[in-house]
Each structure stands twice: as C-alpha cells, then as structure tokens.
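Here is a short briefing on selected features of one chain. The structure comes first, then the notes by topic.

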Amino acid sequence: MAKNEIAFTMGDEPLLQKARIQEDIESDKGIGVNDSDGDGPVTLILLFTTFTTLCGTFSYGTAAGFTSPAQTGIMAGLNLSLAEFSFFGAVLTIGGLLGAAMSGKLADIFGRRGALGVSNSFCMAGWLMIAFSQATWSLDIGRLFLGVAAGVVSYVVPVYIVEIAPKKVRGTFSAINSLVMCGSVAVTYLLGSIISWQKLALISTVPCVFEFVGLFFIPESPRWLSRNGRVKESEVALQRLRGNNTDITKEAAEIKKYMEYLQEFKEDGFLDLFNPRYSRVITVGIGLLVLQQLGGLSGYTFYLSSIFKKSGFPNNVGVMISSVVQSVTSVLGIVIIDKYGRRSLLTVATVMMCLGSLITGLSFLFQSYGLLEHYTPISTFMGVLIFLTSITIGIGGIPWVMISEMTPINIKGSAGTLCNLTSWSSNWFVSYTFNFLFQWSSSGVFFIYTIISGVGILFVIKMVPETRGRSLEEIQAAITR
C-alpha cells in the first residue's frame, strides 16, 4: 500500500482518490514536478493573448489615475463642488464592489475571455460617457461603469494569465500585470498634464479598442474548457498557446487527469468554500488581500500628495520620483519572481512594507514634537519609497497570482468573488478612513499600518506556501489535501 493510501484509510474515499491523483501528477507516466518537457515555450500567440488581457489592466490603471490630473478641469468645466467631485472619484470603488460581486460567476459561466468582453463593454461605455458628459449624473454613471470593469478585471486578468502561461514563466507573466498598472497610472498623469480631461477620457478608450479586437483572436483558457467538458477544444487551445511544434501530451494529460478528479465533486457554491479541504486556500487568499489593503496600500496611493505636503517635501517632485521608482521596481519584480519564488518575495516585501510605515510614522512623530524637523521631509520620502517598493516587488501583485494558482477550478468562481469583494471592501475602508486618521494623528495612522504589516510578516512565514516551478494541478492537489 502506498504511503498516501495509508494516510487516508479511514473510510474517506475522496481523500484516498485525491492522494492517488497527487501521486499520479507527481510521478505517473513521467508527469513530474521537475519535468521541464511538460512545459512549453513562449510563443507569439501567448504573447498576443497576454497583451490583449493586459489591456484590461491598463484601462483599470487609467481609471485609477484619471481623477488627479482631471480634477481642476472637471470642477471648472461642469461647475462641480469639491463634495461632488469627491463623490465622482469615490464611485469607482462602488462600481468595483459591484464588478467584484459578479466577477467569479462571469468567469465561470462565460469563460475568461467572455468575462473580459463584458468588462470591456462597461469600460468603453464608461469612458465615452465621461468624455461627452455635460452633467454630473452622466459623469458619475460613467465612473461607476469604469469601476464595474475594474472589479471584473482585477480578478479575471490574473486568473487568465496564470491558466495559460507555462509554469517556468508563470510568475513573470503575472508580474507584468503590476508593471502595466503602474505604467498606465504614470501615462495618465503625464497626458493629463498637457491635454484636457475630455481628450484624456477619449484617449483612454484606445486600450479598450485594442482589447475588443484582440478578444476575437485569442484562445479561451484550456483549463476552463476542460473543466466544462470541452476536452478537444481544450487541447486545441493548449496547442495554439504552446505552438504547433510542441508536444502537449504531458501537459494536456495532467490537466485532464485533475479535471477528471474534480468531476467527483459537485460545482461548489459560496457556502461550500468553508469546507475544511478549502480552508488553507481561503485563509491564505483572504489573508494576503487583507494584509495588502489594511497595511495601507490605498492610503499611500490615493493620498500620496497629502503625505508629502504634510511632511514638507515638494509634492510634484515626490509624485514624479515615486512613479519612476515604482516603474523600475516593477521591472525588477518581473525579473526575480520566478527566480526567487512567491513566498520569499512576499516575506521581503512585507518586511519592507512594515519598515516603510514605521519610518514614515516616526518622521511625523518627531515632527509633532519639534524634533529633527529638518529631516522630516527626506525621512518621510524615504519611508514612502520603501513602502511603494514593497508594493511593486511583491505585495501588490503576488497575492492575486497565488490565489489564481492555489484555487481549484471547481471553486474558482465563488472563491474569486469572495476574495475580490474582500479586496475592494478593504480598499474602500482604507481610502475612506485615511483622511480621518491622518487628521487625528499624522504618525498614528502609519503606526497602525506598521502593526498590521508586522502581523503580516508572521502570516506569510507561517501560512503561505511556495508555488514556483509547480503546475497548477500539483499546487491545487497539494494545498487542498
């Protein structure tokens, strides 16, 4: 009797069968952890599919960065009060919650490509409504539509990329998502400083057009097709992604074997996520997203100007340098994620996140007591840069990569919805409370983020598995054992 069979001889047949599947994946018929033959090359169609998918992320970034350069023009052009413009900015998060609520089901019912099509429609409609707005209501509805698109994209894009990329470059391809987000925000800031907000909104439809055209030519996720019983179509899609000259037999067999195992279970609903076999997946997924948001991500990114202004550091210089640093470190994250692994980068990033908030908090604390005031601007600037670097090299993008890698496809829709709602709710909470906390204590808010990040370090070390260099089927069979 095999060692895994001994471990599960208590009458639990599904667990016994799962152990056998795990053994098969790791050793049977040459399908192994270290089998590079089961991995495919980076092909043009894979690159084109990834590019098309990332157009959705680019649109999300332009929506996030739009309000900063457009504020003066919109308020003057449409005669908006500060409260009305603040609502316009915040309604993106409301739309994000709506999009998050339906993202998992959309991806399960219509496929990854179909969900991106729905998102693209909302995004295009939103930008056109904003560009031609003559009243507040159309401006707000357009922004709401952009939020819905962003809520769907924030889940579907990492899932789609993870499911189509060869395992040796899966982390690299996924990390590009963070780079595109940073780049799109920077581009929006730059364009918004030289053109009107209406033209900026119109130009923002360009990625939507690219994505719309590309969706007609890219393949659906082979794993989604296989899960839905379309095995032949799954093999055709996998062959397109890996190239006509690549032998996909082993990878296709691995996918098929795991999907056959999943057929033993019903399509799990939302309440079934609390089944013990999914406990670690859900705990790690939600834990990383809560750490990401409650650790201060939205507070820093949404109110960066306020932080620099309060510290005495030149606002424009600070924002510009921060954008450059984020872009550069995003490239670094792409280079090292598949070399050093997800867990290692998350550990380093969380330590930097904690250190950045601690330095920023101490800077404002000394300022409040009139100590080392001459050093407050530069020390605050250094703390902010350390924090933002932690976001771009790890904590910003890796949580979604790991959620996409760890979650079995039979619960991906429900789990994705839960995780996405958690992320957007935490995003709203931090962005809503930051100004109140900053007024209460300019140092205290950052010490709160420091404590949360400190707890996060322990969480990553104790709970987060390493997924680098393993197939999705291996990862999922192991973590839900």
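Predicted model: local features only at pLDDT ≥ 70, side-chain atom pairs only at ≥ 80, totals over all residues.

Two elements give two or more residues each to the patch: α3 (44–77) and α8 (206–214).

**Nonpolar patch**

- Helix α8 is the top contributor to the nonpolar patch, giving five residues.
- F212 has 46% relative accessibility. Partly exposed covers the range between the buried limit of 20% and the exposed limit of 50%, so F212 counts as partly exposed.

**Helices α18 and α19**

- Helix α18 spans residues 398–406, and helix α19 spans residues 412–440.
- Their axes come within 10 Å and cross at roughly 160°.
- Angles over 145 degrees count as roughly antiparallel, and α18 and α19 are therefore roughly antiparallel to each other.
- The crossing of α18 past α19 is right-handed.

- M124 sits in helix α4, which covers residues 82–131.
- The relative accessible area of M124 is 22%, so this residue is partly exposed. The cut-off for buried is under 20%.
- M124 and P207 are 83 residues apart in sequence. In space, their C-alpha atoms are 9.2 Å apart.

Note on methods: Residues numbered from 1 in each chain as written. Heavy atoms only, no water. Helix = DSSP H or I, 4+ residues; strand = E, 2+ residues; numbered from the N terminus. Buried < 20%, exposed > 50% of the residue type's maximum accessible area, 1.4 Å probe, protein only. Axes fitted to C-alpha atoms, helices over the stretch in contact; angles between N-to-C directions. Parallel < 35°, antiparallel > 145°, perpendicular 65-115°, else oblique. Left-handed = near helix turned anticlockwise from the far one by under 90°.
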